[in-house]
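Work through the exercises below with the structure in view. Try each task before reading its solution.

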Amino acid sequence: MVGVEPFDLSKMIGPFVKAVPSLPRELKRHMFTVEEKILESLGWAPGSSFYRLARAAAGQQQQQGAAEPAASGGSAGVLHDHCRKLLKLAAFRLVAVSRGLDSQLGGHGLDFSPMEGEEVLAAVHEVLGHALYCHTHLFYGRHLDTLLLASLYGYCKVNRLHQITFREIISHYKRQAHARQEAFRSVALQRTDPGLVTQATGDIIAFYNAS
């Protein structure tokens, strides 16, 4: 509508809100909701300016020999800030999914016994960070929540928490205000490279098995 690509817009929201402290609360909330949409999916969509920025930062990142984007200025700095915000959002959503709405309804959240819930969520968050920095292609053309749900299930499976099933995880996820069916029902399985044109889709279980 204003000729600004979603990823570029996400870079402006934070500084704009800080620069105009008199903004109405409702407008601030709306702008941060837009930022979440960009972090979770729009910024990873085919044609996103994120990919151009990532290519521009690749040379600098290789010279530094680091897996994570540098926290310096320029392209690498923008990427670092984007990844930091995304992982912060993922941390909040992991807690929300594990609890669902059960605490309000008098039920129970996901049962991670014999492990502690905080231990599991911290480890899954670390898995997501590793995927983001070292296997970034998994996010291309996909929804953040797809990676979050698959990482949660994968960690539980590896650690033999057999009581945690994909069905239960998705049931908790569907209770969230931010839940989107495409995150678990229509996931890109095959895409062109370059272009990220989706050639085949499947549910999150098919994505997990293919990954």
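Rings of Phe, Tyr and Trp (its six-membered ring) pair if their centres lie within 6.5 Å; planes under 30 degrees apart count as stacked, over 60 as edge-to-face and the rest as tilted. The model is predicted: local features need pLDDT of at least 70, side-chain atom pairs count only at pLDDT 80 or more, and totals for chains, interfaces and linings use all residues. Residues are numbered from 1 along each chain as its sequence is written, and side-chain values use heavy atoms, leaving out hydrogens and water.

**Exercise 1.** Classify the pair of Y153 and Y208.

Solution. The structure holds 10 aromatic pairs. In this one, the ring centres of Y153 and Y208 are 5.2 Å apart and the planes stand at 75 degrees, so the pair is edge-to-face. Next, place the residues. Y153 lies in helix 7 (residues 144-158) and Y208 in helix 9 (residues 204-210), so the pair ties together parts 55 residues apart in sequence. Helices are DSSP runs (H or I, at least four residues), numbered from the N terminus.

**Exercise 2.** Decide whether Y153 and Y208 are buried or partly exposed.

Solution. Apply the cut-offs: buried is under 20% relative accessible area, exposed over 50%, partly exposed in between (1.4 Å probe, protein chains only). Y153, at 17%, is buried. Y208, at 22%, is partly exposed.

**Exercise 3.** Find where the buried residues of helix 8 lie.

Solution. Helix 8 spans residues 166-173; F166, I169, I170, H172 and Y173 are buried there. Seen down the helix axis, these buried residues fall within an arc of 160 degrees (taken from the directions from the axis to the C-beta atoms). They therefore line one face of helix 8.

Note on methods:
Helices (H or I, at least four residues) and strands (E, at least two) are DSSP runs, numbered from the N terminus.
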